[in-house]
Amino acid sequence: MKIISNLLKDAKDEWLLKTTVSLNEVNPIVDRLMEDESVEGVVMTNKEGSPILTNINMMGATNYGTAMQNLGHMAQASVKEIDPFDEVLVIRLHTNKLEVMTAHHSEFNIIVLQHSRVKNLKK
């Protein structure tokens, strides 16, 4: 895993300090996820969707971070419209090639990319 160091330079910034502490608590979970052979990548983003920790290329991490951030906001708004007291915890997006799961935290998001386990149903 590589930490995007340019986002973690200023130790005086209270938000980044809290985020770093939170990342240290979550890292064992991320390490366990990476041990699974079906996992292609993990991206941790700040609350704006910018990658701060990843094991995939920066362009891909940025694209997934932005896309899943937007999807999360739309899903949350939809759920709040149906039931104002409910909230989205995890989003799981299943395609032919990938399964993308994202969990939102108040300070960061975790995105896990897995190989899809769907068999091709076309004959």
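Let's start with helix 2, which covers residues 58-82: its 25 residues reach 36 Å from the first C-alpha to the last, close to the 36 Å expected at 1.5 Å a residue. That expected span is 1.5 Å times one less than the number of residues. Helices (H or I, at least four residues) and strands (E, at least two) are DSSP runs, numbered from the N terminus. Keep in mind that this is a predicted model, where local features need pLDDT of at least 70 and side-chain atom pairs count only at pLDDT 80 or more, while totals for chains, interfaces and linings use all residues. Residues are numbered from 1 along each chain as its sequence is written, and side-chain values use heavy atoms, with hydrogens and water left out.

**The whole chain**

- The protein chain has 2 helices and 6 strands, and from the N terminus on they run β-α-β-β-α-β-β-β.
- Of the 123 residues in the protein chain, 35% are buried; buried means under 20% relative accessible area, exposed means over 50%, and partly exposed is in between (1.4 Å probe, protein chains only).
- Take the contacts (heavy atoms within 4.5 Å) in the protein chain with a separation of 6 or more: residues 24 or more positions apart account for 46% of them.

**Helix 2 and its cover**

- Which residues of helix 2 are buried? They are Gly60, Ala61, Gly65, Met68, Gln69 and Gly72.
- The cover over these buried residues includes strand 2 (39-46), strand 3 (51-54), strand 4 (90-94), strand 5 (98-104) and strand 6 (108-115).
- Thr66 also sits in helix 2, but Thr66 is partly exposed, at 40% relative accessible area.
- Thr66 and Thr45 are 21 residues apart along the chain, and 8.9 Å separates their C-alpha atoms.

**Thr45 in strand 2**

- Thr45 belongs to strand 2 and is buried, with a relative accessible area of 0%.
- What does Thr45 touch, leaving aside neighbours within four places in sequence? Its contacts are Ser50, Pro51, Ile52, Gly65, Glu107, Phe108, Asn109 and Ile111.
- One of those contacts, Gly65, is among the buried residues of helix 2.

**Strand 5 and its partners**

- Strand 5 is largely enclosed by the rest of the structure, because 5 of its 7 residues are buried.
- Strand 4 and strand 5 run antiparallel and are joined by 5 bridges; two strands pair if DSSP finds at least two bridges between them.
- Arg92 has Met101 of strand 5 as its bridge partner, and Leu93 has Val100 of strand 5.
- Strand 5 also pairs with strand 6 in the antiparallel sense, over 7 bridges.
- Val100 turns up again here, standing opposite Leu113 in strand 6.
- A hairpin through 3 residues joins strand 4 to strand 5, and a hairpin through 3 residues joins strand 5 to strand 6.
- As a general point, side chains in a regular strand alternate between the two faces of the sheet.

**The salt bridge**

- How many salt bridges does a search of the whole structure find? It finds 1, where a salt bridge is a side-chain nitrogen of Lys or Arg within 4 Å of a carboxyl oxygen of Asp or Glu.
- The side chains of Arg92 and Glu99 form it, at 2.2 Å from N to O.
- Side chains of opposite charge can pair when their charged atoms come close.
- Arg92 is exposed, at 58% relative accessible area, whereas Glu99 counts as buried at 1%.

**Thr102 in strand 5**

- Thr102 lies in strand 5 and counts as buried, at 1% relative accessibility.
- A polar atom of the Thr102 side chain lies 3.3 Å from the backbone oxygen of Ile110.
- Not counting residues up to four places away in sequence, Thr102 touches Met68, Leu89, Val90, Ile91, Asn109, Ile110 and Ile111.
- Met68, one of the residues Thr102 touches, is buried in helix 2.

How values were computed: A polar contact is a pair of N or O atoms within 3.5 Å; within protein, one must be able to donate a hydrogen and the other to accept it, and residues adjacent in sequence count only if both atoms are side-chain atoms.
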